[in-house]
Amino acid sequence: MSRDTTRTKSTGRLEEDSLIDLTQHEIQALRTRFNLADAHTHQRQSASQDRIVLSLPDLWHEAEEGLQVTYEERFVDAFFRLHKQPTARSMKKTMLSYAASISTMVVGMFLKQQRMAVTLLEPCFDNLHDVLINMGVPLYPVNESALYDPDRIYAELKRQVRTEVLFLVEPNNPTGFSLLKFGRKGLEEVVRFCKDHNKLLVIDFCFASFTLFDPAVERFDVYELLESSGVSYMAIEDTGKTWPVQDAKAAMLTVSDDIHSSVYDLHTSVLLNVSPFVLNMLTQYIEDSIEDELFSVREVLRVNHELIRRTLEGSILEYQKPDVNVSVAWFKVNHPELSASDLHRDLTEQGLYLLPGRYFFWSQPSRGESYLRMALARDPQMFSEALEQLSTSLKRYA
Ligand SMILES: *Cc1c(COP(=O)(O)O)cnc(C)c1O
């Protein structure tokens with residue numbers, strides 16, 4: 001991704017108003033004491049994850065010796081075993097890439113090649129919008145609320161989706177909304193609509209690990225539903241937001257048979273393979289999470305969600321309860337005069353970096369003016385210091 005960083009170099013620090021996207025905010029946040037901006041994983045290792053770190057030289061040498069395909073197969077097999085996706089696991093047609101954004105770019109290349117326009121969920125992480133727009137794919141919004149009532153999903157989509165493609169994020173970043181809270185019915189209705197109206201369904205599952213082992217939702221065999229329905233689909237999966245692996249991540253793209261060969265040809269124009277060392281290492285993290293039922297990942301988020309509820313209760317930051325404990329929290333700024341952008345500016349000056357909500361409302365930024373997003377994949381000690389500081393700062397507006 002090409003981003004103009006020359007301004008950073010000449011002025012030292014960018015003026016906040018000149019930041020054109022969330023990533024530029026996140027880059028600023030990386031220089032800030034309390035970085036609660038990017039949803040990347042910054043927490044420390046659990047005890048068993050530490051043992052994986054200690055075995056890295058062995059994993060490196062092992063990956064040097066074996067065949068690429070061995071590490072690919074082991075990785076995909078472990079990933080879909082953790083996610084309880086036997087159909088995806090047995091199909092063996094998943095394509096690997098270095099990052100979810102690369103998989104999304106391949107999706108974008110395909111949509112551009114087919115001259116398809118997209119209806120994309122709103123609010124959502126702006127990177128999806130930006131990648132598609134920068135690849136020349138026309139975009140239209142559908143509000144998340146179209147999916148809030150399973151009995152109305154079909155009719156709402158029929159009314160609102162005018163393009164050849166529907167693009168969803170499950171569960172959603174930033175809101176933590178999940179169709180899976182309706183059991184099979186939510187996704188079934190989406191698929192039924194797409195099948196009946198000949199729409200290509202694209203689903204970004206980058207946050208899907210947060211739905212695992214959560215009593216409120218069940219990640220049933222989603223790929224069985226997709227495959228047996230006969231719908232055309234593209235599904236993106238990811239590891240980057242789940243394990244604390246310093247961005248040594250891998251992503252996956254699985255598509256329906258009718259478009260597989262076209263997408264495969266685009267995929268191979270982008271890359272040959274993901275590092276076998278990274279795959280070998282990630283496989284260890286996945287096996288560890290199968291063992292502890294994702295406890296190390298979920299526990300950090302549970303503790304930090306809980307801390308938010310306790311610390312910010314009654315403050316002007318109103319926690320929007322998510323369907324599942326995703327790795328971000330979404331807040332409404334409850335104040336008659338103060339916009340989220342004003343508050344964001346004040347907090348930034350005090351060394352606390354959250355993300356302003358307007359960017360998530362990519363078609364109509366003003367609708368995000370009262371929202372802020374906070375990242376939770378952080379060491380709970382640092383996170384509790386950040387919240388203490390936040391709580392003190394917020395008292396000024398009470
Ligand atoms: C972070 C994220 C991505 C992009 O992942 P990268 O690792 O930055 O490429 C895509 N979709 C969602 C929902 C995300 O949260």
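**Pockets**

I looked up the largest pocket first: 30 residues line it, and His 40, Ser 101, Phe 125, Lys 241 and Lys 249 lie nearest its centre. A pocket here is an open set of points on a 1 Å grid over the protein atoms alone, where a 1.4 Å probe fits, with protein on both sides within 12 Å along at least five of seven lines; lining residues have an atom within 4 Å of a point. The model is predicted, so local features need pLDDT of at least 70 and side-chain atom pairs pLDDT 80 or more, while totals for chains, interfaces and linings use all residues. Residues are numbered from 1 along each chain as its sequence is written, and side-chain values use heavy atoms, without hydrogens and water.

Domain 1 (16-45 + 295-397) and domain 2 (50-292) both line the largest pocket, so it lies between them; the bounds come from an automatic or database domain assignment.

The second largest pocket holds about 450 Å³. Its lining has 19 residues, with Glu 72, Lys 93, Thr 94, Met 95 and Leu 96 nearest the centre.

**Cysteines**

I then counted disulfides (cysteine sulfur pairs within 2.5 Å). The count is zero. The Cys 194 sulfur is 16 Å from the closest cysteine sulfur, in Cys 124, so it is too far for a bond. For Cys 206 the closest is also in Cys 124, at 11 Å, again too far. Cys 206 is buried at 8%.

Key: Buried means under 20% relative accessible area, exposed over 50%, partly exposed in between (1.4 Å probe, protein chains only). Grid points are joined across faces, edges and corners, and a volume is the space filled by probe spheres set on the points.
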